[in-house]
Amino acid sequence: MKMVHVTIQTKCIDESVKFYQSITKLNIIRDFRSNPDHKIVFLADSEKETCVELVENVSEPYSGEGISMGFAVDDVQGFCEKLKAEGFNPSAMVSPNPHTQFFFIEDPNGVKIQFIQQGK
């Protein structure tokens, strides 16, 4: 069984799309923002293995509790510094073992986004 996407209810779909495009480098693969009743955007990586579905829901957006999504990066320290320079407030760096380091930021909806570097 393969997970096909993660859904996030968002109060501002345009802001969320911009975040996932610019920070996680996901690209729009389906865009239904023109539907006034159900504004939905699917974003994915080039292999379509990582997919996020954003659903605009102004009355019941995601609360930001109890979930995080992890994205692999090649240089976790450098990426953390880049995000700081862009105005984000990354968490402290965590290193649960000598081969893994990660930190978190929040997306516009309060979802914790983890950026992780794993070595050999």
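Let me start with phenylalanine 42 and its contacts, meaning heavy atoms within 4.5 Å. Setting aside neighbours within four places in sequence, phenylalanine 42 touches His5, Asn27, Ile28, Ile29, Arg30, Phe32, Cys51, Val52 and Glu53. This is a predicted model, so a word on the rules: local features need pLDDT of at least 70, side-chain atom pairs count only at pLDDT 80 or more, and totals for chains, interfaces and linings use all residues. Numbering runs from 1 along each chain as its sequence is written, and side-chain values use heavy atoms, with hydrogens and water left out.

Back to the residue. Phenylalanine 42 sits in strand 3. Helices here are DSSP runs of H or I with at least four residues, strands are E runs of at least two, and both are numbered from the N terminus. Is phenylalanine 42 buried or exposed? Its relative accessibility is 9%, so it counts as buried. The scale is simple: buried is under 20% relative accessible area, exposed is over 50%, and partly exposed is in between, with a 1.4 Å probe and protein chains only.

Now the whole chain. The protein chain has two helices and eight strands. From the N terminus, the order is β-α-β-β-β-β-α-β-β-β. The radius of gyration is 15 Å, close to the 14 Å from the globule rule for 120 residues, so the chain is as compact as a globular protein of that length. That radius is taken over C-alpha atoms, and the rule is 2.2 Å times the number of residues to the power 0.38. The C-alpha trace spans about 50 × 30 × 25 Å along its principal axes. Of the 120 residues, 37% are buried. Take the contacts with a separation of 6 or more: 50% of them join residues 24 or more positions apart.

Next, the cores. In soluble globular proteins, nonpolar side chains tend to be buried together. A nonpolar core here is a set of buried Ala, Val, Leu, Ile, Met, Phe, Trp, Tyr and Cys residues joined through side-chain atoms within 4.5 Å. The largest one has 24 residues. Tyr20, Leu54, Met69, Phe103, Ile105, Ile113 and Phe115 have the most contacts inside it. Elements giving two or more residues to this core include strand 1 (6-10), helix 1 (13-22), strand 5 (68-72) and strand 8 (112-118). Apart from it lies another core of five residues, among them Ile40, Phe42, Ala44 and Val55.

What does methionine 69 contact, beyond neighbours within four places in sequence? The list is Val6, Ile8, Tyr20, Val52, Lys112, Ile113 and Gln114. Follow that last one. Glutamine 114 lies in strand 8. Its relative accessibility is 15%, so it counts as buried.

Last, two backbone angles. Lysine 25 is not a glycine, yet its phi is positive, about 65°. Lysine 25 is in the loop between helix 1 and strand 2 (27-31). At 55% relative accessibility, lysine 25 counts as exposed. Lysine 48 also has a positive phi, near 60°. Its place is the loop between strand 3 and strand 4. Lysine 48 counts as exposed, at 52% relative accessibility.
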